[in-house]
Amino acid sequence: MKDENKSKIFTLPAETLFQTYMDLISRKESEEIYRLNEPIGEGIMRHTHIAKGIELVYSELESYSPNYQAEKKEVDGLEIMYIVDGHGEFELQNRQFASGEKGDVMIFNCKSAVKKAMLGKSGMNCISLILFTDDVISFLNNYLETEDFNKSNFFNDIRKSDSAIAFPCGDLLEKLFLETIRLPSAYSKHTVKLAVIHAIVLLIKKFKDNDRCDIRIKSDSSDLYFSGTTGRKVQNVRRLINLNLEKEISIEELASKVNLNRTTLQKVFKEMYGLTINEYRTKARLQLAKNLMVSTELSITEIAGRCGYTNASKFSEVFKKNEGLLPKDWRK
């Protein structure tokens, strides 16, 4: 019976999706809270039904193995995810790759089911809109008393793509997503519904204005699809940096290690992580330094060496520039 439920998962109500793979913790008037079951992962999901074809999910994930997502291919729809905190790296079933950090929006279509999710050490908190194309189009036209919405302008290129898309969230869109997880108050269910509708319309307009989004969103160089091969190579560079913070590996050497040219590496790294390679390395080193200052009795000079600084004075200079305090003062 369990296998039968699994094969029908996306033809049944969204509530069945959660009940099949998760334990119900509580149910309120307009939402349910679930705990993930093994082997799906660890964490909780809060599910709210917004309208026919629109489901809102807030997730606090420690680990995640989305092995049920293959069934999504049976329907025409999207998952639009805003990363509130943490980061995630996703390998799709077609071996494409996508990555998102705190403050990013990621869009997955039902043809690009996620095979593997790798979350940061602190997990990932995210807000997801699960949209079923035909129902959402019908709802928007009825709700807004229009005929403006149709399949040709409802994320058409993304729905046909075999990849996922990630891009930095703008201020207004971020505000709308965060509005959906504010503490309940009078009329809160109405404000949440309006915020969700506003966010969907903004995103439809964004991709309609950009005309096409098959490989790169033309009007904004920060919006792009990540190819599997290049994405994985850049991910490996990030791992190399994190594993060798005490070393000064040049960008040329990093590019050589993953068989990318320097220009491509620098460009894609900045687009994926929002920082240059050197900016990322500095932030990672300073985070390591703070961890060592809190958890060990090592001297500032020893910590500087472990973080790739042969000169303690230079380390202190960089630390103060970024953190506003000298290391010794921060430690206190």
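**Exercise 1. Find the helix that holds Leu194, and name the nonpolar surface patch that includes Leu194.**

Step 1. Leu194 sits in helix H6, which spans residues 188-209. Helices (H or I, at least four residues) and strands (E, at least two) are DSSP runs, numbered from the N terminus.

Step 2. Like charges are joined within 9 Å, and nonpolar side chains (Val, Leu, Ile, Met, Phe, Trp, Tyr) within 5 Å.

Step 3. Keep in mind what you are viewing: this is a predicted model, where local features need pLDDT of at least 70, side-chain atom pairs count only at pLDDT 80 or more, and totals for chains, interfaces and linings use all residues. Residues are numbered from 1 along each chain as its sequence is written, and side-chain values use heavy atoms, leaving out hydrogens and water.

**Exercise 2. Describe how strand S7 is covered and which strands it pairs with.**

Step 1. Look at S7, residues 104-109: six of its six residues are buried. Buried means under 20% relative accessible area, exposed over 50%, and partly exposed in between (1.4 Å probe, protein chains only).

Step 2. Now take the two faces of S7. Asp104, Met106 and Phe108 cover one side, while Val105, Ile107 and Asn109 lie on the other, and all are buried.

Step 3. Find the neighbours, recalling that two strands pair if DSSP finds at least two bridges between them. S5 (residues 77-92) runs antiparallel to S7, joined by five bridges; here Ile80 has Ile107 as its bridge partner. S9 (residues 165-168) is also antiparallel to S7, with four bridges, and Asp104 is partnered by Pro168.

**Exercise 3. Which residues touch the most other members of the largest nonpolar core?**

Step 1. A nonpolar core is a set of buried Ala, Val, Leu, Ile, Met, Phe, Trp, Tyr and Cys residues joined through side-chain atoms within 4.5 Å.

Step 2. The largest one has 37 residues, and Ile54, Ile80, Val105, Ile107, Phe155 and Phe177 touch the most other members. H6 gives the most to this core, with nine residues.

Step 3. Zoom in on Phe177. Leaving aside residues up to four places away in sequence, Phe177 touches Ile80, Tyr82, Val105, Ile127, Leu129 and Cys169. Contact here means heavy atoms within 4.5 Å.

**Exercise 4. Is Glu145 buried or exposed, and what about Phe155?**

Step 1. Locate both residues. Glu145 is in the loop between H3 and helix H4 (156-160), and Phe155 is in the loop between H3 and H4 as well.

Step 2. Check the backbone. Glu145 has a positive phi of about 50 degrees without being a glycine, and Phe155, also not a glycine, has a positive phi of about 50 degrees.

Step 3. Check the cover. Glu145 counts as exposed because its relative accessibility is 73%, whereas Phe155 is buried, since its relative accessible area is 3%.

Methods: Patch = residues over 30% accessible without salt bridge, like charges linked within 9 Å, V, L, I, M, F, W, Y side chains within 5 Å. Areas by Shrake-Rupley, 256 points an atom, 1.4 Å probe, with all protein chains shown as cover. Salt bridge = Lys/Arg side-chain N within 4 Å of Asp/Glu carboxyl O.
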